[in-house]
Amino acid sequence: MADKPRIKLPKEAAKGEVIQIKTLVSHVMESGQRKDAQGKTIPRKIINKFACEFNGKPVFSCALEPAISANPYIQFDARIDEAGTFKFAWTDDDGSVITAEEKIALKA
Amino acid sequence: MKAINRRQAFALGGGFVMLTLMPMAADAEVTGDAAKWIEKFTGGKQPVKGKISLDLPEIAENGNTVPLSINVESPMTADSYVKDVMIIADGNPNAGVATLSFTPLSGKAEAAIRIRLATTQNVIAVAKMSDGSLFTEQKTVKVTIGGCGG
């Protein structure tokens, strides 16, 4: 783990423009259904929640189940009305949270 | 050509019944775990087909990572927007896949994720609008190699 999440979004946008944001975070997303060589079930360990907010206001979030692929890729849109900061948070089953921030400016 | 004997005729007839029944079952009736997920999400209300475009490959070679993208028709303003979209895979051991929550700030009710599919099955999306109306769409995906591990 501990890899920095990868986030792709434009550096600047026109006021009112809808931009696309792509995120990818490294995580095993262990489903809790697989068995190891000894036949024991490998305990579930997934990212169960992702949230994105912009200047403190929620933009997009999702609740994830074990049916999400390893290294979850999430793509969504956001409307830009002002310059500001996106905050991203991935919450793990064990309670730890991976966070990231990205800034965006308004086109002059 | 040999005349069809009684046993073959019976098998043929059975096949016919299956064929005619199957599409109906796939479109209208969602059973088991998937139905429970949908009911929890809709509160028992019947969603209407439409407004959603669900994009999935027809055949997924690797069930471990199947690209899914979804787009729900909506102006996405403070008065009228898509609130939540639930994605369900009715053939997975655990039917729930993800619940996407949008806000007017999302600009578009559009998202893409990658999901695991255990076998060939239907993927269902149910969208809840800000006014409480519900829409649904589903797609069948053929899976060559299942993605839940044994």
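Which residue in strand 3 of chain A stands opposite A:Arg6?

Mentor: This is a predicted model. In it, A:Leu24 of strand 3 of chain A is the residue opposite A:Arg6. Strand 3 covers residues 18-24 of chain A and runs antiparallel to strand 1 of chain A, the two being joined by 3 bridges. Both belong to an open sheet of 6 strands, paired antiparallel in the order 1(A)-3(A)-6(A)-7(B)-4(B)-2(B). Strand 1 (6-8) of chain A and strand 2 (52-55) of chain B are the edges; each has a single partner strand, so one side of each has no neighbour in the sheet. From one strand to the next the twist averages 15°.

Now the nonpolar packing. The largest nonpolar core has 59 residues, and those touching the most other members are A:Phe60, A:Phe86, A:Phe88, A:Trp90, B:Ile70, B:Val85 and B:Leu100. Beyond its neighbours within four places in sequence, B:Val85 is in contact with several residues, among them B:Phe41, B:Ile70, B:Val72, B:Leu100 and B:Phe102.

Last, the cysteines. With a cut-off of 2.5 Å between sulfur atoms, the count over all chains is 0 disulfides. For A:Cys52, the nearest cysteine sulfur is that of A:Cys62, 10 Å away, and A:Cys52 is in no disulfide. A:Cys62 is likewise in no disulfide. A:Cys52 is buried, with a relative accessible area of 2%, and A:Cys62 is buried at 1%.

Methods: Residues numbered from 1 in each chain as written. Chains lettered and ligands numbered in written order. Predicted model: local features only at pLDDT ≥ 70, side-chain atom pairs only at ≥ 80, totals over all residues. Heavy atoms only, no water. Pairing = 2+ DSSP bridges. Helix = DSSP H or I, 4+ residues; strand = E, 2+ residues; numbered from the N terminus. Axes fitted to C-alpha atoms, helices over the stretch in contact; angles between N-to-C directions. Core = buried A, V, L, I, M, F, W, Y, C linked by side-chain atoms within 4.5 Å. Buried < 20%, exposed > 50% of the residue type's maximum accessible area, 1.4 Å probe, protein only. Contact = heavy atoms within 4.5 Å.
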